[in-house]
Amino acid sequence: MTEISVSRDVAAPADAVWQVMTDLERSPQVVSAIGEVERLDDNDGFQVGTRWRETRKMFGKEATEEMEVTTVEPGRSYTVAADSRGARYQSTMTVDALGEGHSRLSMVFAGEPNGLVSKVFATTIGKLFEGATRKALQTDLDDIALAAEQIT
């Protein structure tokens with residue numbers, strides 16, 4: 001499984017960052033790449049089993065994926081999984097308190113191809129997308145950090 005890790009310090013407390021990063025309904029207003037979110041469950045919170053369809057701009061094109069929360073450590077981290085285009089994707093978002101009014105926001109994104117064609121693609125062309133993916137993930141973190149900093 002290929003992993004990409006990004007992080008950034010935030011001038012906001014961890015609870016403010018957590019509030020922003022788990023607010024599905026507001027995510028299109030916070031994360032610049034997200035165009036639309038449609039909740040697919042009856043939950044009103046953010047917990048294991050929370051599911052949604054997310055439309056975002058990736059590599060210059062719009063893509064829609066179904067996401068599901070698979071683990072949650074309330075106030076600290078969560079993991080989301082999706083199956084798409086012959087691969088299983090997983091991302092873990094974590095916020096750590098650094099001291100009064102500061103925190104660190106991190107994301108680990110991983111993808112594993114499911115079939116032979118996907119494995120060949122990942123081996124040959126997948127590395128070309130790594131830099132663009134890293135940049136997109138970093139932009140997501142920057143957007144979340146900015147929103148959290150505006151709360152405080």
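Author: Quick term first: accessible areas here come from the Shrake-Rupley method with a 1.4 Å probe. Keep in mind that this is a predicted model.

Reader: Fine. What does the accessible surface of the chain come to?

Author: About 8700 Å², and carbon and sulfur atoms account for 50% of that.

Reader: And how much of the chain counts as buried?

Author: 36% of its 152 residues.

Reader: How many helices and strands are there?

Author: Four helices and seven strands. Starting at the N terminus, the order is β-α-α-β-β-β-β-β-β-α-α.

Reader: What about contacts in the chain, how many join residues at least 24 apart?

Author: 50%, counting contacts between residues at least 6 apart in sequence.

Reader: Which elements each supply at least two residues of its lining?

Author: Strand E3 (51-58) and helix H4 (126-151). The largest share is from H4, with five residues.

Reader: How does the lining split by class?

Author: Five residues are nonpolar, four are polar and two are charged.

How values were computed. Residues numbered from 1 in each chain as written. Predicted model: local features only at pLDDT ≥ 70, side-chain atom pairs only at ≥ 80, totals over all residues. Heavy atoms only, no water. Nonpolar A, V, L, I, M, F, W, Y, C, P; charged D, E, K, R; others polar. Buried < 20%, exposed > 50% of the residue type's maximum accessible area, 1.4 Å probe, protein only. Contact = heavy atoms within 4.5 Å.
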